[in-house]
Amino acid sequence: MATKLVKLLSELREQEAVEFVQKAIEKGIDPVELLGDAKEGMNIVGTKFAREEYFIPDLIFSGEILKGVIRVLEPHLSSREDEKRLGRVVIGTVAGDIHDIGKDLVVFMLDVNGFEVVDLGVDVAAQQFVKTASDKGSTVIGLSGFLTLAFDSMKKTVEAFKEAGIRDSVKIMIGGGQIDDYIKNYTGADAYGKDAMEAVALAKRWIGG
Amino acid sequence: MDKKWEEMSSGEKREARFAQWLSPKDPEGNNLKFRSAEAEASYRARVTRFKDAVLMEKLPDRIPIYPSGTFMQTDLTGVTPYESMYDYKKLLDAHKKFLVDYEPDYYGSPAFVGSGKILDILDFKQYKWPGHGISKESGYQCIEGEYMKAEDYPALINDPSDFWLRTWMPRVFGALQPLANLSPFPFLWEVVAVSGSMIPYGIPPVQNALKALMEAGNEAMAWIQQITAFELEVKGMGFPTVIGGAAKAPYDILADTLRGSRGIMIDLYRQPEMVLKAMERIVPLQINQGVGMATMAGNPMVFIPMHKGADGFMSDEQFREFYWPFLKEVILGLADEGCMPFLFCEGSFNTRLKYIRELPKASCFWIFDRTDMAEAKKLIGNRLCIGGNVPAGLLLTGTADDVRAYCKDLIDVAGKGGGYIMSTGTGMDEGKAETIHVMIDFTKEYGVYM
């Protein structure tokens with residue numbers, strides 16, 4: 001029974017997924033179990049995305065379906081205990097750049113893959129990345145940028161970690177429109193990821209999980 | 001030879017448009033006066049070079065060079081994005097200096113930078129621009145949003161112009177918000193409807209919106225006069241532009257202009273039929289826009305910036321169903337009118353090459369960014385001119401030697417046998433003097449065919 005929700009979600013069958021959850025709740029099925037299944041469905045979506053069987057619209061839409069499922073479950077989840085997270089990733093679009101679609105996809109995929117994500121939003125100053133990483137004790141930093149001006153902002157952000165004396169205790173990944181290995185070298189980041197699943201793979205490699 | 005336009009075949013129309021491009025006129029309709037015989041010869045050689053590259057009937061003398069930039073030209077000459085949008089003279093002097101100092105073959109219109117003053121007057125909400133929400137040193141950036149709501153499809157499909165005027169414009173321009181009070185124009189018919197139809201134009205907020213339009217119009221005239229003077233001057237110096245008109249893929253009109261990236265992606269699942277119907281309505285509008293602008297400019301090139309159909313942005317099935325058929329219709333419609341669609345493909349289009357192959361020979365040309373150029377040459381290079389692929393990251397952070405090596409490779413692979421244009425794969429906002437010079441100078445030397 002429970003695996004049905006995994007399947008409905010991973011196959012992006014929105015209406016059926018939401019109806020299934022409504023009925024399951026009426027039947028008294030444990031909402032925590034349902035939430036677990038929904039997340040498992042999302043993991044399959046992520047895997048399919050990494051295999052290039054699914055694409056960005058599928059990711060976006062799966063997020064919509066998950067929102068709908070959680071809307072039904074929320075009132076029945078007595079206290080959403082904090083599930084164990086793999087680790088904490090600080091992420092944001094670098095200074096001067098306000099693009100957020102790519103960054104949001106990375107946040108979303110990290111989240112469904114079990115990471116705690118601190119999303120600083122867009123046009124984030126170098127110092128803010130450093131401060132948040134120190135305050136939160138994060139070891140993985142994600143810098144996003146769509147414009148070419150982001151190259152310099154990323155470089156400055158990496159340098160800010162150096163100046164703060166914590167460059168060696170964090171791993172920095174970068175990604176976005178014109179980002180490639182040239183820019184990885186230019187900015188001094190540790191890695192470049194071409195899409196959201198590569199970000200997840202990098203975070204897993206660095207944090208474990 | 002005095003065949004009427006409507007009696008001409010598409011091939012004849014194309015030939016006529018290229019002939020117009022080769023022999024530019026001044027605003028009075030007289031032949032443009034070139035600065036020197038040498039400038040005139042350069043102009044003609046450059047147009048001919050481009051024509052040979054895109055029509056693929058004969059080998060050009062060498063590879064045409066068009067470094068595509070939005071704020072790059074001004075950046076290279078020390079003018080900020082803010083100054084570029086607010087001080088037209090600075091913008092145009094910088095573009096002129098770029099042409100003189102770097103000597104590419106062609107320029108893209110500085111009109112694409114636009115006037116910040118006009119955006120201010122209209123209180124434009126869809127973008128941030130230098131000094132308005134972002135720093136004066138940053139180029140303009142789009143604010144993703146649902147400027148058309150999920151439930152607006154019937155209104156758009158029913159009457160796109162009315163939707164634009166009374167729904168989209170009021171949402172996108174703060175100063176035009178009152179236009180939502182207008183009644184649809186087709187409600188105006190015969191004597192009994194005339195007086196009542198004028199009522200909205202008496203409402204003070206509507207009158208303010210009309211005043212804002214007039215003010216924006218005045219500024220647009222001041223702006224275009226300077227742009228036109230620039231165009232005449234640089235043409236007279238021997239530089240043609242590769243941009244006549246502009247159009248967009250119907251899907252991108254929905255994804256960029258109207259629904260936003262997230263909105264349209266969700267529509268693909270929740271209301272695919274509406275998306276398809278809307279795009280059917282948008283196709284002729286895009287063809288008309290491209291043809292109209294190209295005709296006015298006397299230049300067959302119709303620039304089509306491609307966005308949300310790139311690799312990864314949708315599945316193969318979605319591309320085949322939602323993106324490609326409507327884009328193809330626009331391309332063929334433009335080509336049928338003798339225009340030369342200029343597809344500008346940021347991102348990568350590797351998985352889309354198999355569709356591009358369906359297009360007739362020399363019906364358009366494709367400037368790529370991250371697409372695999374060897375694969376593109378193999379799959380479409382025998383029928384369509386390709387170009388681009390010099391990465392922004394390389395140009396801005398690499399050395400002269402890196403760029404020389406990259407361009408050599410490109411010319412060896414994609415330039416072989418003609419049908420290639422040396423270009424950046426993205427509209428650059430910044431530049432680095434050393435590498436941009438190398439990209440241009442090396443191609444002039446190594447990209448010679450005869």
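Predicted model: local features only at pLDDT ≥ 70, side-chain atom pairs only at ≥ 80, totals over all residues.
## Helices α6 and α7 of chain A

From α6(A) come Ala126(A), Gln127(A), Phe129(A), Val130(A) and Ala133(A). They meet Lys156(A), Thr157(A), Ala160(A) and Phe161(A) in α7(A). By class, this contact has 6 nonpolar, 2 polar and 1 charged residues.

Helix α6 spans residues 126–136 of chain A, and helix α7 spans residues 149–163. Their axes come within 8 Å and cross at roughly 45°. That angle makes α6(A) oblique to α7(A). The crossing is right-handed.

## Helices α2 and α4 of chain A

Helix α2 covers residues 14–26 and helix α4 covers residues 56–73. The two axes come within 9 Å, with a crossing angle of roughly 20°. Angles under 35 degrees count as roughly parallel, so α2(A) and α4(A) are roughly parallel to each other. The crossing of α2(A) past α4(A) is right-handed.

On the α2(A) side, the contact uses Glu14(A), Ala17(A), Val18(A), Val21(A), Gln22(A) and Ile25(A). On the α4(A) side, the partners are Phe61(A), Ile65(A), Gly68(A), Val69(A), Val72(A) and Leu73(A). The contact of α2(A) with α4(A) has 9 nonpolar, 2 polar and 1 charged residues.

## Helices α11 and α14 of chain B

In chain B, helix α11 (residues 250–258) crosses helix α14 (residues 316–336) at roughly 115°. The axes of these helices come within 7 Å.

Three residues of α11(B) take part: Pro250(B), Tyr251(B) and Asp252(B). They meet Phe322(B), Tyr323(B), Phe326(B), Leu327(B) and Val330(B) in α14(B). The class count for the contact of α11(B) with α14(B) is 7 nonpolar, no polar and 1 charged.

## A loop residue: Phe185(B)

Phe185(B) sits in the loop between α8 (160–172) and α9 (190–197) of chain B. Leaving aside neighbours within four places in sequence, Phe185(B) is in contact with Leu165(B) and Tyr201(B).

Ser161(B) and Phe185(B) are 24 residues apart along the chain. Their C-alpha atoms are separated by 9.7 Å.

## The cavity

Rolling a probe the size of a water molecule over the atoms shows where empty space is left. Here the count comes to 1 cavity of 30 Å³ or more. The largest cavity has a volume of about 50 Å³.

Its lining comprises Pro67(B), Gln73(B), His95(B), Phe98(B), Leu99(B), Tyr106(B), Tyr107(B), Gly108(B) and Phe230(B). Helix α5 (residues 88–102) of chain B gives the largest share of the lining, 3 residues. By class, the lining of the largest cavity divides into 6 nonpolar, 3 polar and no charged residues.

Key:
Residues numbered from 1 in each chain as written. Chains lettered and ligands numbered in written order. Heavy atoms only, no water. 1 Å grid on protein atoms, 1.4 Å probe; cavity = no way out; pocket = protein on both sides within 12 Å on 5 of 7 lines; lining within 4 Å. Points joined across faces, edges and corners; volume = space filled by probe spheres on them. Helix = DSSP H or I, 4+ residues; strand = E, 2+ residues; numbered from the N terminus. Nonpolar A, V, L, I, M, F, W, Y, C, P; charged D, E, K, R; others polar. Axes fitted to C-alpha atoms, helices over the stretch in contact; angles between N-to-C directions. Parallel < 35°, antiparallel > 145°, perpendicular 65-115°, else oblique. Left-handed = near helix turned anticlockwise from the far one by under 90°. Contact = heavy atoms within 4.5 Å.
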